[in-house]
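Here is a short report on helix packing and sheet layout. Please read it alongside the model.

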Amino acid sequence: MKNNIIIFGNSLFISTKCEDSNFYVVPNKITSRLNDKFMVDNFSNMNLCVEETINYINEFARIKKYYYCVLNLGEADYNKTDLTEFKNGLLKIIKLLKSYDVLPVMVSLPNKFLKKDGAMNYQEAIDEIAINEKLLYVYSGDLDIDNTIKVKNASQIKRALTDLCI
C-alpha cells in the first residue's frame, strides 16, 4: 500500500504549461517521481504562504490520513509575511501536523530564490525550525544538521524526498 503524502510548496513542486492560450498547473519532475511511489496530494502554488497552508491543513489533514507532509514554504511569504509571522506560522503548521500524526518533511528554499535581498533570513528561519523540531530535512546549505539529506539541485531533491518517504 502506498503512503499518502501531502505537499505544500512553491516553485519546486509545480510547473505550468500553456495550451490554446490557457495556462495549466501540471506535475513537475519532482512530483511525478513521487506519484510513482506514493499517493500525492499537491497543494503547491506560486502564492502559497504559511497562513493559507494552515487553512489547508485544517481542512484536509484532519479528513484524510497522510503519512508525510512536505513543506517548501517561504517564497510567497517573502513578499507577504514578515519574518516573525513566517516563523510563527511554520511552527503552527508543524504543531498541527504532529497533532494529526503526520510527519513533516522540510525542504530548503530554491538556491535561485536565495539571491534576493533578505531571502536568506527566511532560509535561516527554516534551518532553525528544522533543527529545533528535529524534522526530516532536505537541505541545500552548508550546515551539518541531523535528519538531513544534503542536495545541490532539483534533481537531487526528488531523489532525496523519495528516499526519505520510503
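Helix α2 (residues 50–61) packs against helix α4 (residues 83–99) at about 15 degrees, and their axes lie 9 Å apart. Axes are lines fitted to C-alpha atoms, for helices over the stretch in contact, and angles run from 0 to 180 degrees between N-to-C directions. That angle makes α2 roughly parallel to α4, a term for angles under 35 degrees. The model is predicted: local features need pLDDT of at least 70, side-chain atom pairs count only at pLDDT 80 or more, and totals for chains, interfaces and linings use all residues. Residues are numbered from 1 along each chain as its sequence is written, and side-chain values use heavy atoms, with hydrogens and water left out.

Contact means heavy atoms within 4.5 Å. On the α2 side, V50, T53, I54, I57 and N58 take part; they meet α4 residues including F86, L90 and I93.

Now the sheet. It is open, has six strands in the order β4-β1-β5-β6-β7-β8, and its pairing is parallel. Two strands pair if DSSP finds at least two bridges between them. Helices (H or I, at least four residues) and strands (E, at least two) are DSSP runs, numbered from the N terminus. Each edge strand pairs on one side only:

| Edge strand | Residues |
|---|---|
| β4 | 39–42 |
| β8 | 148–150 |

The twist averages 20 degrees from one strand to the next. Strand β1 (residues 4–9) runs parallel to β4, joined by four bridges. I6 has D41 in β4 as its bridge partner.

Helix α5 (residues 119–132) lies across β6 (103–107) and β7 (136–139). Its direction is at about 150 degrees to β7.

How values were computed:
Angles under 35 degrees count as roughly parallel, over 145 as roughly antiparallel, 65 to 115 as roughly perpendicular and the rest as oblique.
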